[in-house]
Amino acid sequence: MKRETSLPARVLLYSVLLIFTFMTLYPVFWLIMSSFKTTQEFQVNRLGLPRRWILTNYPLAWKIGGFGHLFINSIIYTVGSTLAVVLLSLSAGFAFAKIKSRATPFLHGSFVIGILLSAEAVLIPLFLMANAAGLTDTRIGILLPYIGMGMPKGIYLCTEYIKSIPDSLVESARIDGASYPRIFASIIAPMAKPVATTLAILNVTGVWNEFMLVNVLTSKASLKSLPVGILKFSGALSSDYGKQFAALAVGMLPMLIFYAIFRNQITKGVSAGAVKG
Amino acid sequence: MKASAAGVGLGPGATGVVSPGSMKPTKVSGAKHEERWAYALLVMPAVLVYWAVMAFPAFFSVGLSLTNYNGGPLWSSMNPVKFIGLSNYIKMLRDPFFSVSLKNNMLIILVSVFGQIPLGFILAYVLSRRLVGLRDFFQSMIYVPTVISTIVVGILWQSIFSPYGPITEIMQQLNPMWENTLFINPRTAMIPVLIVILWMYTGTYLIIFLANLQKIDPEVIEAAKIDGATEWQALRYVILPALSGVVVTSAILAISGSLQSFSLIFAMTAGNPARRTSVLSLYMYDAAFRGAPDYGLANAISTFIVALSLVLIALLKFVENRAGGREE
C-alpha cells in the first residue's frame with residue numbers, strides 16, 4: 001500500500017493546478033498593470049509591466065466616474081438590504097421553526113419556492129410597479145426589491161438553523177414568562193449568529209455586484225451603484241484605456257478586500273447556500 | 001398578497017373574537033392568543049416585503065404576458081388593456097431572435113453543467129485527497145473571479161479578447177497574419193462569453209465539492225484502499241456515489257445560474273454582433289426597454305425563462321431518480 005503519490009504524478013498535478021491558478025489570476029494582474037500605464041504606452045506595450053508607473057489614472061477615473069457617489073450608494077444598498085434581510089429572515093425563521101401554526105406550510109413554502117425565482121422573472125413587473133407607485137429613482141425603491149430577493153434563501157437557511165436549536169430552551173423561557181419577542185432577542189438571535197453571518201455574507205456579495213435591477217430602476221446619476229457607474233467606462237470612455245482600467249480596478253478592489261478578510265466565511269456560505277437549489 | 005394577509009390575520013383576529021365569549025380558563029387561551037400575535041408579528045414584515053416584490057410580480061408577469069399592455073396606466077378607459085391570450089407567446093416563438101437567444105442559453109447551460117461542474121470536481125478531488133499541499137491557497141485563488149463584480153469581469157474580458165488585448169497580441173506574435181474577428185464574426189462571438197463563464201464560476205463548484213468531499217469519512221476510503229482498491233476504484237465506487245446528491249444540487253445551481261447571465265453579456269457584448277450573442281434575459285430586456293416597449297412580449301419571455309428552468313430542474317430530478325433506482 002502506498003500512501004504517497006508518486007513524484008511524476010505530483011509534478012503533473014501541481015502543474016495543472018498552477019496553470020489553472022495562473023489563468024485565473026492573469027487577467028486580474030493584466031488589468032492592474034494596465035491601469036498604471038498611460039493610454040499611449042498601453043497601445044505599444046500591451047503585455048509588459050509599465051515602463052513608467054503612472055498613478056494619475058486613478059484620481060481622474062474617480063472624478064470622471066463620480067465614484068464618491070457610487071460608493072456611497074453601493075454601501076447604502078448593500079448594508080441596508082443586508083441588515084433587513086438578516087433581521088426579517090431570523091424573525092420569520094424563528095416563528096416558522098418554533099411557533100406552531102397552520103399558516104406555516106403555505107407561508108414557508110412560498111419563500112422556499114422563491115429560491116428558484118430569479119431577478120429576471122420579476123424585473124419588468126417591478127419596473128412597472130415602481131413607476132405606478134412613484135418609487136423609481138428612490139433609494140427605497142431599490143432597497144425593497146433587494147430585501148425581497150434576499151428573503152427566500154434567508155428564510156430557508158434561518159428556519160433550518162433555528163429548528164436545530166432545542167425546543168426545551170424556548171419552552172423553559174416560556175414557562176419563566178418570557179414573551180416571544182423577548183425570547184427572540186435574548187435566546188434565538190444570539191444563538192443564530194453563525195447563520196446570520198453566512199446569510200449576511202451571501203447577501204453582501206450578491207447586492208454589491210448586482211447590476212440589472214438597479215440599472216433598470218434608476219435613471220438619476222446620484223442613485224446609481226458601482227456596477228452601473230463602471231459600465232460607463234465601456235461605452236464612450238472605452239478608448240481611454242488607462243482610465244478604463246483604473247475604473248475597473250477601483251470597482252474590483254472592495255470585493256477583493258472583503259474576500260481577503262472573510263475568505264473562510266464566504267467559502268462556508270457558498271457551500272451552505274448550495275444546500276438546496 | 002391577499003391570501004397571505006388573510007392567512008396570518010385570521011389567527012389573532014379569530015382568537016380575539018372567540019376567547020372573551022368562551023369561558024375557558026383565561027390563562028390557556030391568553031397564551032394561545034399571545035402565541036398567534038407573536039407569530040403574526042414575527043412573520044408579517046418578511047411576508048409583506050417578499051410577497052410585494054417577488055411573489056406578486058411573478059404572478060403579475062404571467063398575467064401581463066397574456067395582454068397587449070405596452071405602457072401607460074393599466075386601467076384607462078381611453079386605451080384599455082386587452083386580453084390577447086397566447087399571442088405574445090406565438091410572437092415570441094416566431095421571432096428569430098428568440099431561437100438565437102435560446103440556443104445561446106442552451107450553450108451556456110451545457111458549458112456550465114459539463115464544463116464547470118466536472119472541472120470543479122476534478123480540482124476539488126485533487127485538493128481534497130491531499131494529492132497536493134497548499135489546498136487553501138489554490139482554493140482561494142481559483143475562487144477569486146467569482147467575487148469580482150460581473151460588470152467588471154465583462155468589461156475586463158471584452159478588453160482581453162478585443163483587437164487591442166493580450167489574446168490578439170499573443171496570437172500575432174505566433175502568426176503575424178492573424179486577425180482578431182472574434183467579436184465581429186457571428187459564428188465565433190459566443191466563444192469568448194463561454195470561456196468567461198467557465199473562468200468565472202468554476203471556483204464555486206470547487207468550493208461546493210471540496211466542502212462535501214471533506215464530509216466523507218476518510219476511514220471509508222482507507223478501508224477500500226486496504227481491501228486493494230486503486231485510487232480510481234475508490235473514486236468510482238466510494239466517492240462519486242457519496243456525492244451524487246451534490247452533483248444534482250450543483251447542476252440545479254448551474255442551470256438556474258445560466259439563465260441569469262444577463263449582466264455579463266450586457267457588459268461584454270451587449271448581444272452584438274447583430275444580437276447574435278443575445279440570451280433570453282437580454283432578449284427580454286430588449287423587448288421591454290429597447291425601442292418601443294412591448295411589455296406583453298417581455299413578460300412572455302420572462303415567464304418562459306421561469307418555466308424553462310422549472311422544466312430543466314424537473315428533468316434533472318427525473319434523471320436522478322432513475323439513475324438512483326438503477327444503482328440500488
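Student: Let us take chain A. Of its contacts with a separation of 6 or more, what percentage is accounted for by residues 24 or more positions apart?

Tutor: First, the ground rules. This is a predicted model, where local features need pLDDT of at least 70, side-chain atom pairs count only at pLDDT 80 or more, and totals for chains, interfaces and linings use all residues. Residues are numbered from 1 along each chain as its sequence is written, chains are lettered from A and ligands numbered from 1 in the order in which they are written, and side-chain values use heavy atoms, with hydrogens and water left out.

Now your question. In chain A, 73% of the contacts with a separation of 6 or more join residues 24 or more positions apart. A contact means heavy atoms within 4.5 Å.

What builds this chain? Chain A has 13 helices and zero strands. Helices (H or I, at least four residues) and strands (E, at least two) are DSSP runs, numbered from the N terminus.

Next, the overall dimensions. The C-alpha trace of chain A spans about 75 × 70 × 30 Å along its principal axes. Its radius of gyration is 24 Å, while a compact globule of 277 residues would have one near 19 Å. That radius is taken over C-alpha atoms, and the globule rule is 2.2 Å times the number of residues to the power 0.38.

In chain A, 54% of the 277 residues are buried. Buried means under 20% relative accessible area, exposed over 50%, and partly exposed in between (1.4 Å probe, protein chains only). The accessible surface of chain A is about 12300 Å², with 67% belonging to carbon and sulfur atoms. Such areas come from the Shrake-Rupley method with a 1.4 Å probe; for residues, only the protein chains shown count as cover.

Charge comes next. Chain A carries 24 positive and 10 negative side chains, and the centres of the two sets lie 5 Å apart. Lys and Arg count as positive, Asp and Glu as negative; His and the chain ends are not counted. Each charge is placed at NZ of Lys, CZ of Arg, CG of Asp or CD of Glu.

Finally, the partner. In chain A, 91 residues are in contact with 92 residues of chain B. The two chains bury about 7900 Å² between them, 77% of it on carbon and sulfur atoms. Buried area is the accessible area (1.4 Å probe) that two parts lose on being put together, summed over both. On the chain B side, B:Tyr39, B:Leu42 and B:Tyr164 lose the most area to chain A, together 10% of what that side buries.
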